[in-house]
Amino acid sequence: MSGDGRGGSEEHVPKLRLDELMGELQVRIDAVRGTRDRLHGLLEAVLSVGRELDLPQVLRSIVEAAVVLVDAEYGALGVIGADQKLSEFLTVGIDEEGRSEIGALPSGHGLLGELIRHPVPLRLPELSEHPASYGFPPHHPPMHSFLGVPIRVREEVFGNLYLTEKHSAREFDAEDKSVLSTLAVAAGVAIENARLYEETRMRERWQRAGGKVTSMLLTGAPSADVMELIVDEARKIVSADMGLIAERVPGEETLRPALAVGLGREERSGLVLSARDGFVGAALGAAEPVVSADIEHDSRTGEGEAQWAGLGPVVAVPLGAGGKPRGVLLLGRVPGGTPFGDVDTGPLLGFADQAALALELAERRRDADKITLLQDQDRIARDLHDLAIQRLFAAGMTLQSTQRFMEHPEGLERLTRTVDDLDETIKIIRSTIFGLRAHGGGGRESDGLRGRVAEAVRASATSLGFPPALRIEGLVETDVPGDIADHAIAVLSEALSNAARHSGAQAVDVRLQCARSELTLTVTDDGCGMPGDAGRSGLKNIQERAVTLGGTLTLGERPEGGGTRLVWRVPVNADGAAAGG
């Protein structure tokens, strides 16, 4: 019996051991199955991240995959900018309402900055106990366990993955760190592929834009249209809010906007940029794009300069790389915008050369037009002298010789008056010939009153937003003395400036007339009229100029109704007050 009892006890012991072994085997099977499932999850995450080519979507996929892999409640990916702070911060687990309550996204201080300063994996059971922890802002959800790993693209640390609050355990374990580090390696490859894809797409867009510009240049389109296309295309490609082309002013250390588009277009169109400005000067002398992450606080610019108002990131390139640049191309984004990177600005220098080419071609066309004009003037002057004057002179001589055969007093008077009219006509034609030849005698077209008026009207198109209509009548080149011409240009500039600042006009007409020993300048617009609170100093100056020259100023509503009509009249004959001045 006792033997049977010992035998039963010995049989019971192996059974217990077998149960223990089976239980341990089941745990190991579960662990293997969990590891297998996790490896499958990691593989799927790597494949899903690698499928994307759009960089923002790649970054979003990385965070979402990381949260699932390590069973975290919250996840984030911080992109490190050029200033070694977080330039982007993508989150998972916090909804839009929660993000808005928390406020501004972190920039990389405290514990988040620890991984930037020391890019190695970091695992914490309680993140508040770390020396670099600053705590959380108001409305931030509570977080305890923490796991962070850096993401490297080649040898560069692109950013960091941050995971908090593991669901299934009190803290993240070593396997979580290993899995997340593996995902970070795959993420680096995916980010590099997305970057290369983005660079390829960007190059294609620059090439298409360059083709458009070249086609427009070959068709002989006006330079203003070509420059507008250049600025618009560049602004769209780099997602800029403002675009500006500024040309050097000959003989001065300044640049004047030739074209401004986008943010603050009207204000920037009338500004003058100094070539001595540190940022603009650097762009003029650079062989590559000059970039500022925040232009209003850039040490190269002065405080409160109007041309940088309302801008944050800015990039500038010279127009024409060889020799002395003709000007600069500026592109800007609003404050807080993403700074311009190499992908944005790489092809910009070559693209700006096309703007320089457009300006060069426009200048050559102007020179060719001037030469053609001067040749026509010479031909007209020669024909007037050789043909018209000689015929008129012969007719006058014939009539003069006929006078002695005229017996009727009234007929003789009429004949004498006709001879006098012919003499006056010959004087007018000779004066016209003198004016035409004075134009072609080596002086510039802009030196004469006609050219100066045309130049002032052209310049006003920038501030008005459209070119005014211009009509010039009479011998303004020969019959208007130089001092009166100077006054007339000053009055015209002030009148056009008033129209741009106060009238809100859609059309402006300028008429300059020299007739009956009087110079009359008329500027008419279809705007709202001169406001009562507008500064009167400019009009007072115009009035004083008229009085000084013995003339008058009339300011009122235009005949068609609405708008303003300014008429400035001064005498130009020897008997007038102007002649004595």
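Me: What do the axes and angles of packed helices refer to here?

Reply: Axes are lines fitted to C-alpha atoms, for helices over the stretch in contact, and angles run from 0 to 180 degrees between N-to-C directions. Helices (H or I, at least four residues) and strands (E, at least two) are DSSP runs, numbered from the N terminus. This is a predicted model, in which local features need pLDDT of at least 70, side-chain atom pairs count only at pLDDT 80 or more, and totals for chains, interfaces and linings use all residues. Residues are numbered from 1 along each chain as its sequence is written, and side-chain values use heavy atoms, with hydrogens and water left out.

Me: At what angle do helix H2 and H5 cross?

Reply: Two packed helices are described by the angle between their axes and the distance between the axes. For helix H2 (residues 55-69) and H5, the axes cross at roughly 170° and come within 10 Å. H2 is therefore roughly antiparallel to H5 (angles under 35 degrees count as roughly parallel, over 145 as roughly antiparallel, 65 to 115 as roughly perpendicular and the rest as oblique). Contact means heavy atoms within 4.5 Å; among the residues making it are Leu-55, Val-58 and Ile-62 of H2 and Val-179, Leu-183 and Ala-187 of H5. By class, this contact has 14 nonpolar, no polar and no charged residues. Ala, Val, Leu, Ile, Met, Phe, Trp, Tyr, Cys and Pro count as nonpolar, Asp, Glu, Lys and Arg as charged, and the others, Gly among them, as polar.

Me: Which classes of residue make the contact of H5 with H6?

Reply: Helix H5 (residues 174-218) packs with helix H6 (residues 223-237) at an angle of about 170°, the axes being 10 Å apart. The residues of the contact divide into 11 nonpolar, no polar and 5 charged.

Me: How many disulfides does the structure hold?

Reply: A disulfide is a covalent bond between the sulfur atoms of two cysteines. The structure holds 0 disulfides, taking a disulfide as a pair of cysteine sulfur atoms within 2.5 Å.

Me: Is Cys-514 buried or exposed?

Reply: Buried means under 20% relative accessible area, exposed over 50%, partly exposed in between (1.4 Å probe, protein chains only). Cys-514 has a relative accessible area of 9%, so Cys-514 is buried. Cys-528, at 61% relative accessibility, counts as exposed.

Me: Where is His-130 placed?

Reply: His-130 is in the loop between strand S3 (122-124) and strand S4 (146-153). With a relative accessible area of 17%, His-130 is buried. Not counting residues up to four places away in sequence, His-130 touches Leu-111, Glu-114, Leu-122 and Leu-124.
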